[in-house]
Amino acid sequence: MVSSSHEAMHGIFTHDPVAFARAFHVLDLPFPDPIAVEQISVDLTETAPVERRADTILRITTAEDTFLLVVEAQSSSDVTRIAAWSYYVTFLHNKYELPVVLVVVCHDKQTATWASKPMTVTYRRWTSFTLQPLVLGPHNVPAITDPAEVLDDLPLAALSAITHAREPEIGAILEAIIVAFRRRGYDDETAFYAELVEQGISHTDAAQLWRDQMATDLSFFRSESAQRLREQGREQGLEQGLEQGLEQGRAEQAARSVLTVLTGRGIELSAAHRARLVETTDLAQLDTWLVQALTATRAGELFD
């Protein structure tokens, strides 16, 4: 069964397909900058009834060439992945007639060390196939502990938290992300990356630290936003009618935030649930739903 932490490990690249370019620059890898990035189907099933799906597949177009990037999440060593990844690379190379780069995102150094070694299909001393993944893990992804750097690159900061989830510096990384979120304010992007970080570290001891901090800071973000709106109304001499409009706008924004978090976590809403969310104007209720959305496993936990 695919876990939420597994989804978060490659979800950065799905949400922001050019995030890999910034990460590769940090790692000083010899890849040209993209001028176009396209997500393509992750379904690698052939006509035979065997289903195979990669985590994320991107077609990258640069000024020099075009290639495919396959992003796989891995939380432990698993020799069965050698056959699966070899299949992905050769299948995509044959289907699209393009070079293929396999990227493996790892939670810890032990898994990263395993994945970094050349993977071979061998009989006795004869090697028929060698696969060399490009591994992202705590050994090469920097620990982002400066809030300014977090603000400059939210995807890289999230990747830093996920790949360092079991490392001693995870506390400093999470603190930097929290401070950066405070400076930026709570919006759709911070909501998405807050959820992504929580999913990515959900299997580690750092998860509770993150939840405790976010439970406190979510109210800070909301109250700060409300204060800015009230101040805007005072400065512009807005009358009661416009204040009501601002109140409605706050409710709509809060509802969108709930929807963003649920959608980012893959939780689908029925028509009835969606209608109830859209029609609710009670900010306290919307705030409650937003906090619950961070840990809920189904929509019914919020609305039933």
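This is a predicted model: local features need pLDDT of at least 70, side-chain atom pairs count only at pLDDT 80 or more; totals for chains, interfaces and linings use all residues.
Residues are numbered from 1 along each chain as its sequence is written, and side-chain values use heavy atoms, with hydrogens and water left out.

Helix H6 (residues 154-163) packs against helix H8 (residues 188-200) at an angle of about 15 degrees, their axes lying 9 Å apart; helices here are DSSP runs of H or I with at least four residues, strands are E runs of at least two, and both are numbered from the N terminus. Axes are lines fitted to C-alpha atoms, for helices over the stretch in contact, and angles run from 0 to 180 degrees between N-to-C directions. Leu154, Pro155, Ala158, Ala161 and Ile162 of H6 make the contact with Glu189, Tyr193, Leu196, Val197 and Gly200 of H8, where contact means heavy atoms within 4.5 Å.

The largest nonpolar core has 41 residues, and Leu69, Ile177 and Trp210 have the most contacts inside it. Such a core is a set of buried Ala, Val, Leu, Ile, Met, Phe, Trp, Tyr and Cys residues joined through side-chain atoms within 4.5 Å, buried meaning under 20% relative accessible area with a 1.4 Å probe and protein chains only. Helix H7 (residues 170-184) supplies the largest share of this core, 8 residues. A second, separate core of 23 residues includes Ala54, Tyr87, Phe91 and Leu92; of these, Tyr87, Phe91 and Leu92 are among the buried residues of H3.

Terms used. Buried means under 20% relative accessible area, exposed over 50%, partly exposed in between (1.4 Å probe, protein chains only).
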